[in-house]
Amino acid sequence: MKRGKTDKQCIPEFYDFTSRGYLTTVRAGSILFDDAINNHEYGLNRDIHDNMIVGQYEGYEFPIEFKQDKEYGSRLRDVLDTGYPPAYLISDRFRDLLTEYNVTGWKTYPIRLYDKKGNLINGYNGLSFTGRGGDFDAWPEYNEDIPWYEKDRLTKKGIYNINNWDGSDIFMIRRAVLMTERVMKLIKKNKIDAVYFEKLSDEYDIIGTEEYMQKHRL
């Protein structure tokens with residue numbers, strides 16, 4: 001860390017990661033999830049995806065089977081939706097990129113993906129997030145009279161303290177998936193498609209201590 005920098009200048013930038021949710025893209029639901037719905041086991045169907053999202057695999061048999069949703073498109077992209085964000089399926093290309101650059105805070109699980117006709121689609125993996133970011137210290141406040149898509153709707157930023165962050169490149173806060181700037185740039189540079197990023201500092205003041213930043217070499 002260079003001398004003379006203030007704490008605020010040393011604070012890292014984070015990016016909220018989501019799928020773009022293109023209607024032309026393949027969307028695939030878990031067959032386990034559908035079975036639970038059909039059996040009216042509504043708590044179980046929620047737990048299945050929640051466990052896959054955070055990487056809690058105990059009690060599950062792999063590969064997990066997914067089937068293409070007939071109501072959505074047929075284009076295969078690097079990130080596929082499952083209808084239960086942030087439970088995503090990712091291409092081998094995306095997985096290999098994260099592995100090659102030693103990105104931390106994620107893992108994949110084996111899946112079997114079928115198209116609308118029941119044919120096997122190869123080259124995809126279930127994505128889990130193992131990095132943790134604690135919670136927000138304060139939520140943003142908005143002018144409810146202004147539409148959600150207008151930038152001036154925000155009236156007061158929330159607060160996120162990086163002392164809650166475990167230092168992973170990819171991490172979760174509640175159901176939000178956050179990535180460091182390094183990973184965001186890596187994904188964009190390699191043209192991983194169907195992804196969307198929002199800068200966390202647009203809606204949150206990110207704070208932290210000098211000791212924590214020195215520990216993580218920020």
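**Close-up views of a predicted model**

**Ser201 counts as buried because its relative accessibility is 18%.** Buried means under 20% relative accessible area, exposed means over 50%, and partly exposed lies in between (1.4 Å probe, protein chains only). This is a predicted model, in which local features need pLDDT of at least 70 and side-chain atom pairs count only at pLDDT 80 or more, while totals for chains, interfaces and linings use all residues. Residues are numbered from 1 along each chain as its sequence is written, and side-chain values use heavy atoms, with hydrogens and water left out. Ser201 sits in the loop that runs between strand 14 (195–199) and strand 15 (204–207). Helices (H or I, at least four residues) and strands (E, at least two) are DSSP runs, numbered from the N terminus. Setting aside residues up to four places away in sequence, Ser201 touches Glu13, Lys157 and Ile206; contact here means heavy atoms within 4.5 Å.

Asp81 is buried yet has no salt bridge, and the nearest side chain of opposite charge, Arg27, is 6.8 Å away. A salt bridge is a side-chain nitrogen of Lys or Arg within 4 Å of a carboxyl oxygen of Asp or Glu. What Asp81 does have is a polar contact of 3.0 Å between its side chain and that of Ser19. Such a contact is a pair of N or O atoms within 3.5 Å; within protein, one must be able to donate a hydrogen and the other to accept it, and residues adjacent in sequence count only if both atoms are side-chain atoms. Beyond its neighbours within four places in sequence, Asp81 is in contact with residues including Gly21, Val26, Ala28 and Tyr88.

**Helix 4 (residues 92–100) has Phe94, Leu97 and Leu98 as its buried residues.** They lie on the same side of helix 4, because they cover an arc of only 95° around the axis; that arc is taken from the directions from the helix axis to the C-beta atoms. Among the elements covering these buried residues are strand 1 (14–19), strand 5 (88–91), strand 6 (106–114) and helix 5 (181–189). Just after helix 4, look for Asn102, which takes a positive phi of about 55°.

**Asp92, Arg95 and Asp96 are linked in a network of salt bridges.** Within it, the side chains of Arg95 and Asp96 meet at 3.0 Å, N to O. Arg95 is partly exposed at 24% relative accessibility, and Asp96 is also partly exposed, at 39%.

**Two further salt bridges join Arg153 to Glu144 and Glu181 to Lys185.** The closest N and O atoms of Arg153 and Glu144 are 3.2 Å apart. Arg153 is buried, with a relative accessible area of 15%, whereas Glu144 is exposed at 59%. For Glu181 and Lys185 the closest N and O atoms are 4.0 Å apart. These two residues are 4 residues apart in helix 5, so about one helical turn separates them.

pLDDT is the predictor's confidence in each residue, from 0 to 100. Where it is low, the predicted coordinates should not be read in detail. Across the chain, the mean pLDDT is 88, and 86% of residues reach 70 or more.

Notes:
Lys, Arg positive; Asp, Glu negative; His and termini not counted.
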